[in-house]
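Reader: I am new to protein models and would like to learn how to read one. Could we go through it together, feature by feature?

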Amino acid sequence: MALQENQAKILILATEDCAYPGANAVGQAHMSYPENTYVLRVRAPVMFPEHFYLDCFKKGIYGIIIMSCGVECPYEGAYQALAARVDKVYAMMREEGLDPRRLRLTGVCTVCTKAFVKEVNQMNQLISELGPPGAESKKAA
Amino acid sequence: MADDNKDKKATSEQKVGVYVCHCGGNISDHVAVEEVCKNAEKIPGVVKVQNDVFMCSDPGQELIMEDIKNGTVDRVVVASCAPDLHSSTFRNAIQRAGGNPYIYEHANIREQVSWVHHGDQATNKATRLVAAAAAKARELQPLEPFKVDAKRHVTVIGGGIAGLKSALDLARKGLDVALIDKSPFLGGWTAKWDRAFPTDDPVSELVTALAGEVLNSEKITVYTCSRITAFEGFIGNFKLTLTQAPPESDAYEDEIKRLSDSGKGFGEFVPLAGICPAGIPETTTTHDIETGAIVLATGFLPYAPRYGEYRYGESKEVITLPELIRIMAENRQKGVGDTLEINDRKIRSVAMIHCVGSRQIPGIHEPDAKGNLNEYCSRTCCSATLHAASMIRNNHPKTRVFDFYRDIRTYGRGQEELYEEASDSKVVFFRFEADAPPEVTRNTGSGDFPLNIKVKDTLTFDEELEMPVDLVVLAVGMEPGNISDLVEMMKLPVGVDGFLQEVHPKLRPVEIAQSGVLLAGTCQAPFDMGETCSAASGAAAKASAILGKGYVELDPFVAEVDLNKCLGTGTCVNACIVEGALSLVEMDVDGEKVKRAQVNPALCTGCGACVAVCPENAINVKGWTLKQYEDMVDMIVSDRILPSQTA
C-alpha cells in the first residue's frame, strides 16, 4: 500500500550544518522520495527532551529520523549527549509499547544524497509494516 | 510578571504574512501555488498571503516591504528555495522596511518539495511546510545580532599567485596580513611555469611584481616553511598556531638546488622555483596569531599519471605538460635550435594528449588508489597545451606537433585565438572518443622513433591512424591539493570532486559555510591564473568588508533563561557542553536571594544541550525554541489546513 501524504508521516530532524543541506542536495539532484517526509531544520538535535519524541508519536507521527552530523558534529560533545538521550527514549518507547525502530539516529552529511533517500525508504518500509504508532502493541496483544 | 503577560498576549496576536514563490516554474510547475496560497489563508495567525514569480526579485521583495511598512504584517514566511540561498535577501528586505530581520521564517518548497515530489501530494506537502513555518513565525521575537570586536588582521594560507594577490589587496585596504606558505618559496605553481596564456607574460614578471610588493609591504608578514598546527575561534577572532620548521629531508630539493645554482639572493626570482624571501629556518619555532579572517589559497596539485598510463613511467619519452614546460624553459636559457631537444635528443615529432586525469568516466577510466575518479574538466589544460604547441612550432619549426583531443575547451577571453594560432602554425589535430583513447606503444617498426601512437580518429570518420613519435606529452589536469590536515582541523567543506566547496557559486562564490573563512583560487576548482587572481581579489574584498568595521555581527541564536520559570536546579549547567557558557549565579528575585541560571552569550554556541534537560523548559535557544518545534509538529499533523479527503 502506498503511504499517502496525509497519513503515515515521517518527521526528519536535520542538522543545519550537515543533514539539512544534504536533503537540499537530494533536491538539487532531482532524486525522488516519498512525500510523507517533513524535514525540520535544527541547530543540534541534542536540544530535544525525551518527551518531545514521545509526544510526536502521540500526535500521530509514524516515524522519526534524527539526521545528525554524527561525529562531525560542530558542537563538541553534543552528539554523545544526543546518543545517550536517544537510548533513554528507546527504553521509554518500549515501556509505552512503541517499536523503538520508529526512532532512528543516523548521520547524514551535506552530500550524502543516497544515504538520505535510503533512510527515508527504510523508514517507510518499516512503518508500512508496523502501521500507526501503538499498533504494534495491539498486534502483540 | 505584567511584562511577561503582555509578551504572551502579543505573541498570540502576531500578524503573519505568507509569500509564496513560483521560482520561474521551478516550484509552480509541480506545486499548485494558488492552492497553497488559498490553504495558507486558513493557517492560524496568517493575515496576508501573496505570491510572485520570483520572490527574491525586487518586485517580490517590495511585496513584503510594503506589508511591513504599512503594518499589515509583523512576521514573515517566505516559501521558496533552500533557506541558505535567500534568507539574508529577505531578512535585509524586512530590515530596509523598518522591521527586525529575525521576524522571518523560511519554508523550503523547492529543494525539499517541487524538485523531489510531483502532483497533488507535492502541493499538500508544500502547504503543510508553510503552515509549520507560520506556526514557528508566530513565536519569533525580534532579536539583535551580537557585535563582537574583530581583529583587523587576515591570515592568507598559501603563497602562490592567489595568496600573493589576496595579501596585497588586503594590505592595500589597510589590513594587517600574515601570509603563510609551507614551502621556502613564494610563487606556487605559477613560479614553476614559464609563460602564461593567453597574454604570453613571463611568469617571472608576474611573480616578481606581486611578491616584490608583498615583501616590501609593512602590513604583510611572510612566514615560509610554515604550517597551521592549531586552529580555534570564530569570525573576527580566530586563533592560529603556526609551526615554522626546516623542510623534511628531500622536500623542495629541486627548488633549493635551483636557488643555490642560480646565484640569486633572497627576494629574487629563481626560474622554476619562485622567490625565497628569507632563507630556510634551521630550528622549529611556533607563532600564535590572532586573526579576524582566513583566506585559503592552498592551490592544487597537477595530476600525476598512473604508472603505465599512456606508458608514463615505462618510457622516458612520455612526459607531462608541466615537465615539457620546464624543459622548454631551461632550453631557452641555453638558446633554441630549429628542432626541440630533450637531453640532447632531437624531437622530430611530438604527440600531445588532452584530458589526462580529467573528465574520467566510471567504467572507462581506472579510479585512483582511494577509488576516486576526476570526473570534472580541469578547464586550463586545453589552452595550456595549445599555447605550448604553438610555442614548439614557433620556436622549433622542424618539430611537428600532433594534438590528440576529446574536445577542445579554450573557453576564455583571448583563448579561442590559441586554438586558431595552433591550427595556423600547422599543429595537426586528431579527435578520439573517451572509450577509445590513443594507444602509445614502443615503436618496433621502421625508423628510429622510440614510440608509436595509434588512434581511431573521429575527424576522419573513425579511420585508424598510426604514427611514430619521439615524445608523448600528457596534458594533465588539476587535482585538489593535499590539505587533509586543514580540512580536518578547520572542518572545511569538501565537494564530491575533492575541491573545497563554496556556499553558492553565484550568490556566495568565495565563502564557505564557516563564517570568516574564504576561498581564493584553485583550492576551490581548476582555474587559470586570471580566474585565480579574480577569485583572490574577491576573497580579499570579502575579508575587508567583513573586518572593515572593526566588529562583526553574529547571529543572536544563543540560549536565554526565562527567569519567570527558572527554579535554579542547575541541570542545564551540568548539561552544558561549553565551559563557562552557562552558570548558576545568585540574584535577587522578589526580595529573595536565589540561584538562577545565567548565559554567557559570547561563549554560548546555541546547541541547545541545556534545553533538553530543563524540567521547566525555562531555557531555550533564541529563535529556535522547543515550543516552536512542538507547534511545527502540530501543524504537520493537523487536519485543519488541508481537507481530510486529501488523505
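Author: Gladly! Let's begin with contacts: two residues are in contact if their C-beta atoms, placed from the backbone, lie within 7 Å. This is a predicted model, in which local features need pLDDT of at least 70 and side-chain atom pairs count only at pLDDT 80 or more, while totals for chains, interfaces and linings use all residues. Residues are numbered from 1 along each chain as its sequence is written, and chains are lettered from A and ligands numbered from 1 in the order in which they are written.

Reader: Which residues does T241(B) touch, not counting residues up to four places away in sequence?

Author: T241(B) touches T229(B), A230(B), T286(B) and D288(B). T241(B) itself sits in strand 12 (residues 237-244) of chain B; helices (H or I, at least four residues) and strands (E, at least two) are DSSP runs, numbered from the N terminus.

Reader: How many helices and strands does chain B have?

Author: Chain B has 18 helices and 34 strands. Take helix 18 (residues 626-637) of chain B, with twelve residues. The expected span of a helix is 1.5 Å times one less than its number of residues. Helix 18 of chain B should therefore span 16 Å, and its end C-alpha atoms are 17 Å apart, which agrees. Its buried residues include L626(B), Y629(B) and V633(B).

Reader: How do I describe two helices that pack together?

Author: Two packed helices are described by the angle between their axes and the distance between the axes. Axes are lines fitted to C-alpha atoms, for helices over the stretch in contact, and angles run from 0 to 180 degrees between N-to-C directions. Here the axes of helix 2 (residues 50-59) of chain A and helix 18 of chain B come within 10 Å and cross at roughly 20°. That makes the two helices roughly parallel, a term for angles under 35 degrees.

Reader: Which residues make the contact between these helices?

Author: Helix 2 of chain A brings F52(A), C56(A) and K59(A), and helix 18 of chain B brings L626(B), V633(B), D634(B) and V637(B).

Reader: How many residues does each chain give to the whole contact?

Author: Chain B gives 38 residues and chain A gives 40 residues. On the side of chain B that touches chain A, the largest share, seven residues, comes from helix 18 of chain B.

Key:
A residue is buried if 20 or more other C-beta atoms lie within 10 Å of its own, exposed if 12 or fewer, and partly exposed in between; C-beta atoms are placed from the backbone. Angles under 35 degrees count as roughly parallel, over 145 as roughly antiparallel, 65 to 115 as roughly perpendicular and the rest as oblique.
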